[in-house]
Amino acid sequence: MARRRIRVGCDFTYVAEIDTPVIFQVQPRTSPCVAVEQEQWLSEPHMAVRGYADLYGNPCARAVLPVGRSSFGYDAVTDVADATEDADPSAPECSPGALPDDTLIYTLPSRYCLPDVLGNEAWSRFGGLTPGYGRVEAICSHVHRHLEFQYGSSTALSTAADVNASGRGVCRDFTHLAISFCRALNIPARYVFGYLPDLDVPPDPAPMDFAAWMEVWLGDRWWTFDPRNNARRKGRIVIGRGRDASDVAMATTFGGPLLETMVVRAEEAIG
């Protein structure tokens, strides 16, 4: 399979009143489809960085933001498969009794995904559809049409039920709503967070940002779905997976530093 090199990374500028411990989730998860060729942490002033893997196996980095203004960044060159993610219209749903044990957590309510609250709507809209890959596609298409993408239309407290009612959100909100509908139908669905470069698609004029999509258990494996873009894409680079965005926050600070700027990079490497 052909491969492509993608440069990814991010930069944060903070102002802190006290030394503030922080956890960053910005490193790609390696897989057969994604390899990290080179990477570096960048900080001013210098900060010691210690890595660990969280409950879900996601790579995390711990540091301490010093008093005053500081910058923290990550830069890497990755090698990815030059192909869109797999699809199989014949992939079936599994009955709840036949689901693997480790998928069951992804059928339950979580901080932002509320299948119990949205269950009646899920069953009325999608319960009559043929179970399987096509039903998940129908959920993604509905969420894609129903929600208007709008920065600032949701907050850190907005749940899937909130954005379903408002009709607006950002990519994480699209994903939370689609996950909630899937879980209400007893289809395991998990939240995925990462880099999504504009490979072989028209460039998005908006500034690059982190992206969110979901993986759904059908048949005997996880499949990628993207209710925000509602299309299969090339170059997805996973940073983390979890129940919802609360499990894979790009930065978790143990204090109240001011985030002045954030820049995200995901583009084909030149040379």
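The side chain of Ser-110 makes a polar contact with the side chain of Asp-244 at 2.8 Å, a polar contact being a pair of N or O atoms within 3.5 Å in which, within protein, one must be able to donate a hydrogen and the other to accept it, residues adjacent in sequence counting only if both atoms are side-chain atoms. A second polar contact, at 3.0 Å, links the side chain of Ser-110 to that of Arg-183. This is a predicted model, in which local features need pLDDT of at least 70 and side-chain atom pairs count only at pLDDT 80 or more, whereas totals for chains, interfaces and linings use all residues. Residues are numbered from 1 along each chain as its sequence is written, and side-chain values use heavy atoms, with hydrogens and water left out.

Ser-110 lies in the loop between β6 (68–81) and α1 (119–126), where helices (H or I, at least four residues) and strands (E, at least two) are DSSP runs numbered from the N terminus. Its relative accessible area is 11%, so Ser-110 is buried, a word that means under 20% relative accessible area, as against over 50% for exposed and partly exposed in between (1.4 Å probe, protein chains only). Once neighbours within four places in sequence are left aside, Ser-110 is in contact (heavy atoms within 4.5 Å) with Arg-183, Arg-243 and Asp-244.

Another loop, between β11 (221–225) and β12, holds Arg-233, which counts as buried because its relative accessibility is 8%. The side chain of Arg-233 reaches the backbone oxygen of Pro-197 at 3.2 Å, and, residues up to four places away in sequence not being counted, Arg-233 also touches others, among them Ala-83, Glu-85, Leu-196 and Val-201.

The strands come next. In β9 (residues 189–195), seven of the seven residues are buried. Strand β9 runs antiparallel to β10 (residues 211–218), to which six bridges join it, pairing being assigned if DSSP finds at least two bridges between two strands; Ala-189 has Val-216 of β10 as its bridge partner. Five bridges, again in the antiparallel sense, pair β9 with β12 (residues 237–242), and here Val-192 is partnered by Arg-241.

Strand β2 (residues 20–24) is largely enclosed by the rest of the structure, because four of its five residues are buried. It pairs antiparallel with β5 (residues 59–65) over five bridges, and three bridges join β2 to β13 (residues 251–253), also antiparallel. Ile-23 takes part in both pairings, standing opposite Arg-62 in β5 and having Thr-252 as its bridge partner in β13.

The largest pocket holds about 1100 Å³ of space. On a 1 Å grid over the protein atoms alone, a pocket is an open set of points with protein on both sides within 12 Å along at least five of seven lines, and lining residues have an atom within 4 Å of a point; grid points are joined across faces, edges and corners, and the volume is the space filled by probe spheres set on the points. Of the 39 lining residues, the closest to the centre are Cys-171, Arg-172, Asp-209, Phe-210 and Ala-211. Two or more lining residues come from each of β1 (3–16), α4 (171–184), β9, β10 and β14 (258–268).

Cys-171 is buried, with a relative accessible area of 15%, and its sulfur is too far for a bond because the closest cysteine sulfur, in Cys-113, is 13 Å away. Cys-182 is likewise in no disulfide, the nearest cysteine sulfur, that of Cys-140, being 6.4 Å away. With a disulfide taken as a pair of cysteine sulfur atoms within 2.5 Å, the count comes to zero.

How values were computed. On a 1 Å grid over the protein atoms alone, a cavity is a set of points where a 1.4 Å probe fits but cannot get out, and a pocket is an open set with protein on both sides within 12 Å along at least five of seven lines; lining residues have an atom within 4 Å of a point.
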